[in-house]
Amino acid sequence: MKFDPVEFYKLAGDLYKQPNVGERELRTALGRAYYAAFLAARDNAGITTTSDVHSATVRHYLSNGRTEIDRKSTRLNSSHEWISRMPS
């Protein structure tokens, strides 16, 4: 089943806006926001491969001179990895 990236983004916003939002919700919200951005970029690029899809998406935008997208995705990915490595 293909999941709409907008729905991941909405879920991230809903989690972030919860009253008394905690670390669990923030970690999940960041992950969903990252995945929404990735899926949108992948779909916009027309990438259908399942092998090394993240690298294929970055290469697509770099080869088309869209370096600002690569910079933003790198920053978002770094934040996602940082949150993922935080102790629970």
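In this predicted model, helix H2 passes helix H3 in a left-handed crossing. The two helices are made of residues 23-45 for H2 and residues 53-63 for H3, and their axes come within 10 Å and cross at roughly 60°. Because of that angle, H2 counts as oblique to H3.

The residues that make this contact can be picked out on both helices: H2 contributes Tyr34, Phe38, Ala41, Arg42, Asn44 and Ala45, while H3 contributes Val53, His54, Thr57, His60 and Tyr61. Sorted by class, the contact of H2 with H3 has six nonpolar, four polar and one charged residues.

Is Arg42 buried or exposed? With a relative accessible area of 18%, Arg42 is buried, because buried means a value under 20%.

Another place to look is Gly13, which lies in helix H1, residues 5-16. Gly13 has a relative accessible area of 22% and is therefore partly exposed, since that class begins where buried, under 20%, ends. Although Gly13 and Ala33 are 20 residues apart along the chain, their C-alpha atoms are separated by 8.1 Å.

Technical notes. Residues are numbered from 1 along each chain as its sequence is written. This is a predicted model: local features need pLDDT of at least 70, side-chain atom pairs count only at pLDDT 80 or more; totals for chains, interfaces and linings use all residues. Side-chain values use heavy atoms; hydrogens and water are left out. Helices (H or I, at least four residues) and strands (E, at least two) are DSSP runs, numbered from the N terminus. Buried means under 20% relative accessible area, exposed over 50%, partly exposed in between (1.4 Å probe, protein chains only). Axes are lines fitted to C-alpha atoms, for helices over the stretch in contact, and angles run from 0 to 180 degrees between N-to-C directions. Angles under 35 degrees count as roughly parallel, over 145 as roughly antiparallel, 65 to 115 as roughly perpendicular and the rest as oblique. A crossing is left-handed if the near helix is turned anticlockwise from the far one by less than a right angle, and right-handed if clockwise. Contact means heavy atoms within 4.5 Å. Ala, Val, Leu, Ile, Met, Phe, Trp, Tyr, Cys and Pro count as nonpolar, Asp, Glu, Lys and Arg as charged, and the others, Gly among them, as polar.
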